[in-house]
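Q: I am new to this structure and would like to learn how to read its features one by one. Could we go through them together, with the general idea before each case?

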Amino acid sequence: MAKWHCHQPGRTHNNVIMKKLLTILGSTGSIGTQTLDVVRMHNDRFEVYALTANNNVQLLIKQALEFKPEVVVIANECHYNTLKCALKEYPIKVYAGAKAIEEVASISIVDIVVTAMVGYSGLAPTIAAIKAGKRIALANKETLVVAGNIITELTLKHNATILPVDSEHGAIFQCLQGEDTNVVNKLILTASGGPFRTYDIEKLRTATAKEALSHPTWSMGNKITIDSASLMNKGFEMIEAKWLFGVDPDQIIVIIHPQSIIHSMIEYKDGSIKAQLGETDMRLPIQYALTYPERIKSPTPFLDFTKHNQLTFEEPDFKRFRNLEIAYQAMKQGGNLPCIINAANEVVVDAFLHDKVGFIEMSDIIEKTINRLAFISNPTYEDYVACDAETRIIASEFLK
Ligand code: MG
């Protein structure tokens with residue numbers, strides 16, 4: 001079908017806006033499916049070039065049949081035959097494995113790469129997309145958490161663009177329009193506080209994955225929902241903000257805002273504060289990352305202030321939610337510490353989801369793991385790969 005040969009993506013021809021070609025890494029997850037909602041609504045602007053998934057082969061097949069991409073990739077090679085067989089009558093190339101995902105992240109014809117994989121697995125394909133100079137709609141925050149120094153350096157070197165999909169960072173990015181970063185006093189990240197916001201330590205000790213998975217305001221994937229309950233997600237978002245906006249750790253503060261209507265704010269040098277508000281719907285920040293600097297109609301419902309007549313704010317409790325303190329220290333000290341907390345966190349969250357570790361114990365194990373690893377102040381990519389692997393082994397030992 002070679003549909004891309006007939007146009008120059010992203011340019012105008014005879015005053016017609018040419019479609020942008022997208023690669024969506026992690027298309028079957030929460031962000032991936034909502035990205036496809038945006039594409040479905042704006043099929044005059046966007047076309048899917050490649051879709052990739054980790055394990056959910058049935059949904060990937062369904063998406064491939066609807067969006068007719070050029071390429072689909074399944075990370076788990078066990079599902080290759082199922083995928084290949086289901087799409088055999090269509091001119092869709094089918095691949096499997098991590099290397100193939102890196103390849104579709106850097107294909108020259110693609111305009112925008114949406115990185116919506118979960119966790120550390122997003123690092124290598126994001127680097128591939130950066131090296132290819134892509135515009136990246138970044139939803140995989142772990143990439144910046146683990147290797148922010150390398151990502152920032154490579155983005156500049158290869159003239160790539162990273163646009164945040166995370167709602168808080170999308171909000172800050174919107175508030176920054178027309179401003180200079182040197183007039184920013186503070187970035188104020190809002191946090192819902194998660195389902196355990198009002199729990200005392202005793203109640204947190206016996207909190208279960210099932211309780212954690214019923215998030216009060218946002219509907220998200222399992223891993224990030226647990227991270228939200230433990231506030232590790234907010235800790236990671238501080239680190240993400242540090243790299244995305246180039247501010248000092250002291251300039252980043254977190255405020256609990258249970259209604260999740262203000263998605264984040266900037267306090268400027270003159271004391272003025274800008275905030276971005278909206279319904280809790282990820283399709284808005286996803287779409288802005290795809291259409292920036294343009295604003296167009298979105299699938300997100302409009303905010304009705306009469307239904308949200310009370311916006312409240314609380315200070316976060318770093319004692320009950322120790323992950324915030326752990327992440328804050330990792331942000332300040334840098335080096336391989338954020339990589340360690342990310343890998344240890346992936347191990348304990350997986351265990352918590354399978355009821356193999358308690359809620360409070362997750363932070364205990366992360367701290368014990370940090371103490372077992374050597375600090376590296378300026379890690380290379382190879383250092384991160386080794387550190388990630390070593391951390392997983394050590395954290396897993398603490399689970400036994
Ligand atoms: Mg967020």
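A: Let us start with how residues are classed: Ala, Val, Leu, Ile, Met, Phe, Trp, Tyr, Cys and Pro count as nonpolar, Asp, Glu, Lys and Arg as charged, and the others, Gly among them, as polar. Please keep in mind throughout that this is a predicted model.

Q: By class, which residues does the lining of the second largest pocket have?

A: By that classing, the lining of the second largest pocket has eleven nonpolar and three polar residues, and no charged residues. The lining is made of 14 residues, and those that lie nearest the centre of the pocket are Thr155, Ile162, Trp243, Leu244 and Phe245. About 300 Å³ of space lies in this second largest pocket.

Q: How many cavities of 30 Å³ or more does a search of the whole structure find?

A: The general idea is that rolling a probe the size of a water molecule over the atoms shows where empty space is left. In this structure, the search finds one cavity of 30 Å³ or more, and the volume of the largest cavity is about 60 Å³. Two elements give two or more residues to its lining, namely helix H7 (167-176) and helix H12 (283-291). Of these, H7 gives the most to the lining of the largest cavity, with four residues.

Q: Which residues line the largest cavity, and what does its lining have by class?

A: Among the residues that line the largest cavity are Ser167, Gly170, Trp218, His263, Glu279, Asp281 and Pro285. By class, the lining of the largest cavity has four nonpolar, five polar and two charged residues.

Q: Which protein donors does the magnesium ion have?

A: The protein donors of the magnesium ion are Asp166, through OD, and Glu168 and Glu237, each through OE, and they lie 2.1 to 2.2 Å from the ion. Along the chain, the donors follow the spacing D-x1-E-x68-E. Asp166 and Glu237 are both buried.

Q: How many residues of helix H5 (residues 123-131) are buried?

A: A residue counts as buried when its relative accessible area is under 20%. By this reading, H5 is mostly covered, with eight of its nine residues buried, including Leu123, Pro125, Ile127 and Ile130. H5 is followed by Gly133, which has a positive phi, near 70 degrees.

Q: Why is the pair of Tyr288 and Tyr292 edge-to-face?

A: In general, a pair of aromatic rings is described by the distance of the centres and the angle of the planes. A search of the whole structure finds six aromatic pairs. The rings of Tyr288 and Tyr292 have centres 5.7 Å apart and planes at 70 degrees, so this pair is edge-to-face, because planes over 60 degrees apart count as such. Tyr288 is buried, with a relative accessible area of 9%, whereas Tyr292 is partly exposed, with a relative accessible area of 24%.

Q: Which residues form one aromatic cluster?

A: Phe196, Tyr199, Phe352 and Phe359 form one aromatic cluster. Over the face of Tyr199 lies Lys203, at 4.3 Å from the ring centre.

Q: What phi does Asn159 have, and is Asn159 buried or exposed?

A: Asn159 has a positive phi of about 55 degrees although it is not a glycine. Asn159 sits in the loop between H6 and E9 and is exposed, with a relative accessible area of 65%.

Q: Where is Asp355 found, and what phi does Asp355 have?

A: Asp355 is found in the loop between helix H14 (337-353) and helix H15 (359-372). Asp355 is not a glycine, yet has a positive phi of about 55 degrees, and at 59% relative accessibility Asp355 counts as exposed.

Definitions and conventions. Residues numbered from 1 in each chain as written. Predicted model: local features only at pLDDT ≥ 70, side-chain atom pairs only at ≥ 80, totals over all residues. Heavy atoms only, no water. 1 Å grid on protein atoms, 1.4 Å probe; cavity = no way out; pocket = protein on both sides within 12 Å on 5 of 7 lines; lining within 4 Å. Points joined across faces, edges and corners; volume = space filled by probe spheres on them. Donors = N, O, S within 2.8 Å, 3.2 Å for Na, K, Ca; no water. Buried < 20%, exposed > 50% of the residue type's maximum accessible area, 1.4 Å probe, protein only. Phe/Tyr/Trp six-rings, centres within 6.5 Å; stacked < 30°, edge-to-face > 60°. Lys NZ or Arg CZ within 6 Å of the ring centre and 35° of its normal.
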